[in-house]
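Try each task before you read its solution.

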Amino acid sequence: MPDAPQDEVGAYAGLSSTCDGWDVVDDCDGAGLYDSWERFFLGTTAEDGAGDRDADLLTDGEEHAAGTVPVDDDTDDDGLRDGQDPRP
């Protein structure tokens, strides 16, 4: 997963989840999203990536892959929603 901008992410890099007792960034539920990413941005690991919380025309799964913020419709604050921005 590409890193999201540090100013948007804050302490995200320090979060981790535990699958099988290991303290690692992982995808325990098989949703295709790192559990720590889900918890940090979505507040739960019950997401499947198909939603679009910020209505920016990118699914949460696409935001995960792109390194954009799924609760900010314009991650880079350039006036274009992430799903319309060639460089979000």
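**Exercise 1. Find what share of the contacts with a separation of 6 or more comes from residues 24 or more positions apart.**

Solution. Start with the term: a contact means heavy atoms within 4.5 Å. In the protein chain, residues 24 or more positions apart make up 32% of the contacts with a separation of 6 or more.

A word on the model before you continue. It is predicted, so local features need pLDDT of at least 70 and side-chain atom pairs count only at pLDDT 80 or more, while totals for chains, interfaces and linings use all residues. Residues are numbered from 1 along each chain as its sequence is written, and side-chain values use heavy atoms, with hydrogens and water left out.

**Exercise 2. Describe the secondary structure of the protein chain and the order of its elements.**

Solution. Helices (H or I, at least four residues) and strands (E, at least two) are DSSP runs, numbered from the N terminus. Counting them gives three helices and two strands. Along the sequence they follow the pattern α-β-β-α-α.

Now place a residue: glycine 30 sits in the loop between strand 2 (22-24) and helix 2 (35-42). Its C-alpha atom is 8.4 Å from that of aspartate 48, 18 residues away along the chain.

**Exercise 3. Which rings form a cluster, and how are phenylalanine 40 and phenylalanine 41 arranged?**

Solution. First, the rule: rings of Phe, Tyr and Trp (its six-membered ring) pair if their centres lie within 6.5 Å; planes under 30 degrees apart count as stacked, over 60 as edge-to-face and the rest as tilted. This rule gives two aromatic pairs. In one, the rings of phenylalanine 40 and phenylalanine 41 have centres 4.9 Å apart and planes at 90°, so they are edge-to-face. Ring pairs join Trp37, Phe40 and Phe41 into a cluster.

Next, check the accessibility, where buried means under 20% relative accessible area, exposed over 50%, and partly exposed in between (1.4 Å probe, protein chains only). Phenylalanine 40 has 32%, so it is partly exposed. Phenylalanine 41 has 9%, so it is buried.

**Exercise 4. How many salt bridges does a search of the whole structure find?**

Solution. Look for a side-chain nitrogen of Lys or Arg within 4 Å of a carboxyl oxygen of Asp or Glu. The search finds one salt bridge. Arginine 53 forms it with glutamate 47, and their closest N and O atoms are 2.8 Å apart. With a relative accessible area of 42%, arginine 53 is partly exposed.

**Exercise 5. Is aspartate 74 buried or exposed, and which backbone nitrogens does its side chain reach?**

Solution. Begin with the location: aspartate 74 belongs to the segment after helix 3. It is buried and has no salt bridge; the nearest side chain of opposite charge, arginine 81, is 9.2 Å away. For charge, Lys and Arg count as positive and Asp and Glu as negative, with His and the chain ends not counted.

Then turn to the backbone. The side chain of aspartate 74 reaches the backbone nitrogen of aspartate 78 at 3.1 Å. A polar atom of that side chain also lies 2.7 Å from the backbone nitrogen of glycine 79. Leaving out residues up to four places away in sequence, aspartate 74 touches Gly79, Leu80 and Asp82.

Conventions: Polar contact = N/O pair within 3.5 Å; in protein donor to acceptor, adjacent residues only side chain to side chain.
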